[in-house]
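These entries record what I looked up in the structure. I began with a charged side chain and then turned to the strands and the cores.

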Amino acid sequence: MLRWILAAAISMATLLPQAARAEAQALRIGLTPVFLDEQVAFLNRWRAYLERRLERRVVFVQRGSYREISELVRQGKLDVAWVCGLPYVQNASRMRLLAVPVFNGKPLYQSYIIVPVSDRTTQSIVDLRGRIFAYSDPDSNSGYLYPQYALIERRQVPATFFSRTFFTWAHRKVIDAVASELAQGGAVDSYVWETLARRHPELTAKTRIVQKSPEFGHTPFVTRASLPAREFASVQAVLLGMSGDAEGAALLDYLNLDGFTQGSRGLFDGIARMANSVANASTAAVVR
């Protein structure tokens, strides 16, 4: 009996370091709840695809906000993350651009200002003065920065323009809030709205788009700054190659994407300019 216990203890002592090494060697990819927050089966398929092509374990790490994911990337606790253009612009010195989604033939997307379909009079965000407005995330370009900028550009004060605002922490939930008339307006990622229009048209049909932003660089995949060059290249090659094989193409079809491209930092210059304008307007308001 004692011999068996000692053998088991030795075996466990051997396995624990091996398990720790395997976990340390796993590629950790951060995701926020865009519209994939409940798509467990899809994420399992995507993880298996990445593991086969990278020949290493992949772990998806999901959090409720861009800020949480960005912080984990900055701390080196995530290797890769799918973030928004705004967090990338804010942390460009501590993140590396890995790949940019291609949507409707371009690595670009927009912000949509939406209202309930029952609202037939609103023509733009300025018609929503004194209403209840839903934002997605304070670090979202399409779900927060653009509507703030759009108001400032029209000489309005975002902090006092609406009667009430709230964050839903997911673009789909902005659409839900507006569709159910919990909010009388909202700002949402065009890619998410268009994808839900394809998959759940009964939901988006309850909303109406009243304003579209200019096009911005699509929500990028980034890596921690310290990711070794060899690992960076291998992950990038897999993402960029997804459209070239049947399984990858099927995953992209579910994502409603054409594929991924290498992209460039310049794609996000428009977001950087808006962020500076909003920050300057906020500073001026405090000084006054």
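**Entry 1: Arg-208.** In this predicted model, I first asked which side chain of opposite charge is nearest to Arg-208. I found Asp-119, 4.1 Å away. A salt bridge requires a side-chain nitrogen of Lys or Arg within 4 Å of a carboxyl oxygen of Asp or Glu, and Arg-208, although buried, has no salt bridge.

The side chain of Arg-208 reaches the backbone oxygen of Asp-119 at 2.7 Å. I placed Arg-208 in strand 10, residues 207-212. Setting aside neighbours within four places in sequence, I listed its contacts, among them Ile-113, Val-115, Pro-116, Arg-120 and Thr-121.

**Entry 2: Ser-111.** I located Ser-111 in strand 6, which covers residues 111-116. Is Ser-111 buried or exposed? I noted a relative accessible area of 0%, so Ser-111 is buried. Its side chain reaches the backbone oxygen of Ser-142 at 2.7 Å.

Not counting residues up to four places away in sequence, Ser-111 touches Ser-142, Tyr-146, Pro-147, Ala-187, Val-188, Gln-211, Lys-212 and Ser-213. I also checked Tyr-144, which stands 33 residues from Ser-111 along the chain; the two C-alpha atoms are separated by 9.1 Å.

**Entry 3: strand 1.** I recorded that strand 1, residues 27-31, is mostly covered, with 4 of its 5 residues buried. Which strands pair with strand 1? Strand 2, residues 58-62, runs parallel to strand 1 and is joined to it by 5 bridges. Within that pairing, Arg-28 stands opposite Val-59. Strand 3, residues 80-82, also pairs with strand 1 in the parallel sense, over 2 bridges. Here I found Ala-81 of strand 3 as the bridge partner of Gly-30.

**Entry 4: nonpolar cores.** I counted 45 residues in the largest nonpolar core. Trp-46, Leu-50 and Phe-221 have the most contacts inside this core. Its largest share, 6 residues, comes from helix 2, residues 40-54.

Leaving aside neighbours within four places in sequence, its contacts include Ile-29, Trp-46, Ala-81, Leu-98, Leu-239 and Phe-260. I then noted a second, separate core of 39 residues, which includes Ile-113, Phe-133, Tyr-146 and Phe-162.

Notes:
Residues are numbered from 1 along each chain as its sequence is written. This is a predicted model: local features need pLDDT of at least 70, side-chain atom pairs count only at pLDDT 80 or more; totals for chains, interfaces and linings use all residues. Side-chain values use heavy atoms; hydrogens and water are left out. Buried means under 20% relative accessible area, exposed over 50%, partly exposed in between (1.4 Å probe, protein chains only). Two strands pair if DSSP finds at least two bridges between them. Lys and Arg count as positive and Asp and Glu as negative; His and the chain ends are not counted. A polar contact is a pair of N or O atoms within 3.5 Å; within protein, one must be able to donate a hydrogen and the other to accept it, and residues adjacent in sequence count only if both atoms are side-chain atoms. Contact means heavy atoms within 4.5 Å. A nonpolar core is a set of buried Ala, Val, Leu, Ile, Met, Phe, Trp, Tyr and Cys residues joined through side-chain atoms within 4.5 Å.
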